[in-house]
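Here is a short tour of side-chain contacts for anyone planning to look at this protein on screen. Open the structure, keep the sequence at hand and follow along.

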Amino acid sequence: MVTLAEVAQHAGVSASTVSYVLSGKRSISATTRRRVEQSIRELGYHPNAGARALAGKRSNIIALMVPLRTDMYVPVMMEIAIAVATTARTHGYDVLLLTGEEGPDAVRRVTGSGLADAMILMDVELEDERLPLLRGGGTPGAKPGTGDDQPSVLIGLPADTTGLTCVDLDWSATGALCVEHLAGLGHRDIAVIGEAPAVYERHTGFAERTLDGLRARARETGVRVLHRPCEGGYDALALTLARIFDERPGTTGFVVQNESAVEPLLALLRQQGRAVPEDVSVVAICPDQVAVQASVRLTSVAIPAQEMGRQAVEHLVAKLDGRGGDEVVLLTPELTVRASSGPAPAAP
């Protein structure tokens, strides 16, 4: 890599003069500036992010905050992150990946360092503590739209979207779609096997909105719904399933929003002599890969991870280029019918 000192030697000036040309902190004669700039071009020198930040120029870096929690399905998070990274490169941006659970501290660190031009946030909660800092760019008293705030996009939907740009699957419509499908097949008692309890305790947006949509459509269609969070895994699912059939022995439909619970559920139903879909129907909210590789090919609503990541970057780049404003983009869910759902069994 070409260093600043090598540029100075090539241009016949001091290293500090090259630094001043880059940062604009001191007045440099036009002749000297042109000589330094020519050396930079000829040598192919690329100033580091700190130098660009001092000069008020872009770092060409996007910070992606994706907390990797044990109660989340990491493959989906990583699929979104990869889509963000590959789309960002097509626009000439690199991605700084932040995987810790630092919350507002991470936002302050990024906005205060000048290392990134913009931010994308994932794992958004309904009342997310990071959002006030994004609306004001981490600067006390700053207001959205004044130029003080750092461009940002959320992959997720908080309770209040004022002053924010959000890209997400329409989770409310997703929950409603699952109920519509099962209700249309005659199922009247549906159990929802949800994410781990901690996901709901944090009021994570996608999980809460799925439940809202599911319950609202259940009321409209006269379907009874029982929701049970679950850690996933065989032992946890065995306890959860036993509770469900104790409380609602007439349950004939399941909606699963927990990838780790899919295969244990199918195995336990087989052990209990409940055939899928003759006795019990199962609809999953999961990636297509999980649905088609299950022991019974699952009727499912896919999670458009790649499209969410791609659109988040496109909207962020538009903001950086002065072409985009704040908006909420909700992707329409699509349900694919496979082998795991069928007509409700006739009442005995």
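## Aromatic pairs

Trp171 is buried, with a relative accessible area of 6%. Please keep in mind that everything described here comes from a predicted model. Phe206 also counts as buried, at 16% relative accessibility. The structure holds 2 aromatic pairs. In one of them, the ring centres of Trp171 and Phe206 are 5.3 Å apart and the planes meet at 50°, so this pair is classed as tilted. The pair links distant parts of the chain, with Trp171 in helix 8 (residues 171–184) and Phe206 in helix 10, 35 residues apart.

Phe245 and Phe254 form an edge-to-face aromatic pair, with 5.9 Å from centre to centre and 75° between the planes. Both Phe245 and Phe254 are buried.

## Salt bridges

How many salt bridges does the structure hold? There are 17 salt bridges.

| Salt bridge | Closest N and O atoms |
|---|---|
| Asp71 with Arg202 | 2.9 Å |
| Glu125 with Arg202 | 3.8 Å |
| Arg228 with Glu247 | 2.7 Å |

Take the Arg228 and Glu247 pair to begin with: the salt bridge between Arg228 and Glu247 has its closest N and O atoms 2.7 Å apart. Arg228 is buried, with a relative accessible area of 16%, whereas Glu247 is partly exposed at 39%.

Now turn to Arg202, which forms a salt bridge with Asp71 at 2.9 Å between the closest N and O atoms. This pair links distant parts of the chain: Asp71 is in the loop between strand 1 (61–65) and helix 5 (74–90), while Arg202 is in the loop between helix 9 (197–201) and helix 10 (205–221), 131 residues apart. Asp71 has a relative accessibility of 16%, so it counts as buried. Arg202 is buried as well, with a relative accessible area of 17%.

Arg202 also forms a salt bridge with Glu125, and here the closest N and O atoms are 3.8 Å apart. Glu125 sits in the loop between strand 3 (118–121) and helix 7 (131–135), 77 residues from Arg202, and this pair too links distant parts of the chain. Glu125 is buried, and so is Arg202. Through shared partners, salt bridges join Arg69, Asp71, Asp123, Glu125 and Arg202 into one network.

## His227 in strand 7

His227 lies in strand 7. Is His227 buried or exposed? His227 has a relative accessible area of 11%, so it is buried. The His227 side chain makes a polar contact with the Tyr200 side chain, at 3.2 Å. Not counting residues up to four places away in sequence, His227 touches Val192, Gly194, Tyr200, Leu211 and Arg215.

Helix 14 has 16 residues and reaches 23 Å from its first C-alpha to its last, close to the 22 Å expected at 1.5 Å a residue. Why is helix 14 described as largely enclosed by the rest of the structure? The reason is that 12 of its 16 residues are buried. Among the buried residues of helix 14 are Ala305, Gly309, Gln311, His315 and Lys319. Which elements do the buried residues of helix 14 pack against? They pack against strand 1, helix 5, strand 3, strand 4 (152–155), strand 5 (166–169) and strand 11 (328–331).

Met308 lies in helix 14 (residues 305–320). Its relative accessible area is 3%, so Met308 is buried. Leaving aside neighbours within four places in sequence, Met308 is in contact with Ile80, Ile155, Val167, Asp168, Leu169, Ile303 and Leu331. The C-alpha atoms of Met308 and Cys286 are separated by 14 Å, and the two residues are 22 residues apart along the chain. Just after helix 14, Gly322 takes a positive phi of about 75°.

Notes
Residues numbered from 1 in each chain as written. Predicted model: local features only at pLDDT ≥ 70, side-chain atom pairs only at ≥ 80, totals over all residues. Heavy atoms only, no water. Salt bridge = Lys/Arg side-chain N within 4 Å of Asp/Glu carboxyl O. Helix = DSSP H or I, 4+ residues; strand = E, 2+ residues; numbered from the N terminus. Buried < 20%, exposed > 50% of the residue type's maximum accessible area, 1.4 Å probe, protein only. Phe/Tyr/Trp six-rings, centres within 6.5 Å; stacked < 30°, edge-to-face > 60°. Polar contact = N/O pair within 3.5 Å; in protein donor to acceptor, adjacent residues only side chain to side chain. Contact = heavy atoms within 4.5 Å. Expected span 1.5 Å × (residues − 1).
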